[in-house]
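Please read the points below alongside the coordinates. They cover strand pairing, the nonpolar core, one loop and a pocket.

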Amino acid sequence: MEDLVVYSPLKVRRSKDKFFILNMNHYRNAHFRTLNNVKKMYLTEISEQVKALPTYEKVRLIYTLYPGNRRLCDLDNVLSIHAKFFQDALVTLGRIPEDNYLYVLSSTQCFGEVDKDNPRVEIKIERVL
């Protein structure tokens with residue numbers, strides 16, 4: 001089976017005119033209710049893609065950041081939140097049994113390139129046999 005890719009946004013809409021940027025700086029300063037709502041919004045945003053995935057027993061995940069500008073950033077700041085939310089989504093939507101090290105064997109972070117037209121995180125899912 002080939003590896004599959006899910007496309008994750010760099011921010012989710014909180015209200016009509018407000019967004020929550022998915023990075024550690026915003027995450028650590030947000031109220032727990034805000035974070036709970038943001039996690040739900042993230043799940044809604046990517047659920048169609050995740051539901052289209054097969055069920056996995058064990059996976060390796062590769063997170064690749066494609067920012068919308070050339071501003072330098074810390075990959076961990078952005079991708080740690082995506083890893084947390086995405087792995088929780090895989091469990092919630094029944095694509096992996098749990099998101100501990102028995103099922104998610106590795107998680108790798110990469111920088112892709114600047115993409116002003118389509119900033120995103122690409123999450124490659126590799127099945128482990």
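1. How many bridges join strand 4 to strand 5, and do these strands run parallel or antiparallel? Strand 4 is joined to strand 5 (residues 104–111) by 7 bridges, and the two run parallel. Strands count as paired if DSSP finds at least two bridges between them. Helices (H or I, at least four residues) and strands (E, at least two) are DSSP runs, numbered from the N terminus.

2. On provenance: this is a predicted model, in which local features need pLDDT of at least 70 and side-chain atom pairs count only at pLDDT 80 or more, while totals for chains, interfaces and linings use all residues. Residues are numbered from 1 along each chain as its sequence is written, and side-chain values use heavy atoms, with hydrogens and water left out.

3. Strand 4 is mostly covered, with 6 of its 8 residues buried. Buried means under 20% relative accessible area, exposed over 50%, and partly exposed in between (1.4 Å probe, protein chains only). Threonine 64 belongs to strand 4 and is buried, at a relative accessible area of 14%. Leaving out residues up to four places away in sequence, threonine 64 touches Cys110, Phe111, Gly112, Arg120, Val121 and Glu122; contact means heavy atoms within 4.5 Å.

4. A second pairing links strand 2 (residues 11–15) and strand 3 (residues 18–21), antiparallel, over 4 bridges. Valine 12 stands opposite phenylalanine 20 in strand 3.

5. The largest nonpolar core has 30 residues, and those touching the most other members are Leu22, Tyr42, Leu61, Tyr63, Phe86, Val121 and Ile125. At least two residues each come from helix 2 (32–51), strand 4 (59–66), helix 3 (75–92) and strand 6 (120–127). Helix 3 gives the largest share, 8 residues. Such a core is a set of buried Ala, Val, Leu, Ile, Met, Phe, Trp, Tyr and Cys residues joined through side-chain atoms within 4.5 Å. In soluble globular proteins, nonpolar side chains tend to be buried together.

6. Which residues does tyrosine 42 contact, leaving aside neighbours within four places in sequence? They are Ser8, Pro9, Val12, Leu22, His82, Phe85, Phe86 and Ile123.

7. The loop between strand 4 and helix 3 holds glycine 68 and asparagine 69. Glycine 68 counts as partly exposed at 29% relative accessibility, and asparagine 69 as partly exposed at 37%. Glycine 68 and aspartate 115 are 47 residues apart along the chain, with C-alpha atoms separated by 5.1 Å. For asparagine 69 and aspartate 115, the C-alpha to C-alpha distance is 7.1 Å and the sequence separation is 46 residues. Not counting residues up to four places away in sequence, glycine 68 touches Val114, Asp115, Lys116 and Pro119.

8. The largest pocket has a volume of about 500 Å³. Of its 19 lining residues, Leu10, Ile21, Asn23, Pro67 and Asn69 are the closest to its centre. Helix 1 (24–29) and helix 3 are the elements that give two or more residues to the lining. On a 1 Å grid over the protein atoms alone, a pocket is an open set of points where a 1.4 Å probe fits, with protein on both sides within 12 Å along at least five of seven lines; lining residues have an atom within 4 Å of a point. Grid points are joined across faces, edges and corners, and the volume is the space filled by probe spheres set on the points.
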